[in-house]
Amino acid sequence: LGFARTDPIRLAVIAGSTRPGRQVLQVAEWVVEAASRHDDFEVELIDLADHPLPLLDEEMPAIRGAYANPHTLAWAEAVGSRDAFVFVTPEYNHGPPAALKNALDYLFAEWGDKAAGFVSYGIDAGGARAVEQLRLNVAELSIATVRTGVHLSLLEDFEDGKLTPREFSFSRLETMLGQVAAWASALRELRAANVA
Ligand SMILES: Cc1cc2nc3c(=O)[nH]c(=O)nc-3n(C[C@H](O)[C@H](O)[C@H](O)COP(=O)(O)O)c2cc1C
């Protein structure tokens, strides 16, 4: 098979907001820092702002894998080279940001049979409603989402706009990352077996 059991899991932490003045980067960096402490992971931050994708402009549906545009090919390379994802998302009108949904819709095979967890934030529900919507969306992409979510409160886990996570949020993050590591390594074996 194409990997040793000890190979680290290539984890992408995907920052899902592209808004000027966004909070997402400090949350994503907190996740990167925690994941980097695990020997299991080789961690990369993927900022959607670095992958400026127009509203989906591919003629062929992503499931056909016939990408035409350079921005799609670059995005496919970024996602396809990873084993697992943590989606970091705010809640916009009780759903995920359009930029994140658009980025998901661009690809298909590159997401499939990989594990993912969620870290969200919001005012009154920690962004949980956005995550519940995303779980349905990514299920259609054959992404396996782990049970534990990290839902940060903009009131309780931030002070003056600065991320100051509660102890509870740290432990939720550790639990989630452990679940992602377990499923990601199992699914990596599945993908390798399918290719062989
Ligand atoms: C268009 C829009 C819609 C929002 N809707 C919600 C919402 O439904 N629930 C919520 O808790 N916060 C909502 N907020 C507040 C966001 O949680 C807050 O602005 C957060 O910082 C956004 O993440 P970002 O700064 O990384 O873009 C909304 C913000 C925007 C810009």
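Predicted model: local features only at pLDDT ≥ 70, side-chain atom pairs only at ≥ 80, totals over all residues.
A polar contact is a pair of N or O atoms within 3.5 Å.

**Ligand site**

The ligand sits in the second largest pocket. Around the ligand are 15 residues, of which Ser17, Arg19, Tyr92, Tyr121 and Ile123 come nearest. By class, the residues of this shell divide into 6 nonpolar, 5 polar and 4 charged.

| Residue | Protein atom | Ligand atom | Distance |
|---|---|---|---|
| Glu91 | polar side-chain atom | nitrogen | 2.9 Å |
| Val24 | backbone N or O | oxygen | 3.1 Å |
| His94 | backbone N or O | oxygen | 2.9 Å |

On its own the ligand has 610 Å² of accessible area, and the protein covers 77% of it.

**Aromatic pairs**

The whole structure contains 7 aromatic pairs. One of them joins Phe85 and Trp111 in an edge-to-face arrangement, with 5.0 Å centre to centre and 70 degrees between the planes. Phe85 belongs to strand S3 (residues 84-90), while Trp111 lies in the loop between helix H3 (98-105) and strand S4 (114-122), so the pair ties together parts that are 26 residues apart in sequence.

Note on methods
Residues numbered from 1 in each chain as written. Heavy atoms only, no water. Near = heavy atom within 4 Å. Polar contact = N/O pair within 3.5 Å; in protein donor to acceptor, adjacent residues only side chain to side chain. Areas by Shrake-Rupley, 256 points an atom, 1.4 Å probe, with all protein chains shown as cover. 1 Å grid on protein atoms, 1.4 Å probe; cavity = no way out; pocket = protein on both sides within 12 Å on 5 of 7 lines; lining within 4 Å. Sits in = over half its atoms within 2 Å of the grid points. Nonpolar A, V, L, I, M, F, W, Y, C, P; charged D, E, K, R; others polar. Phe/Tyr/Trp six-rings, centres within 6.5 Å; stacked < 30°, edge-to-face > 60°. Helix = DSSP H or I, 4+ residues; strand = E, 2+ residues; numbered from the N terminus.
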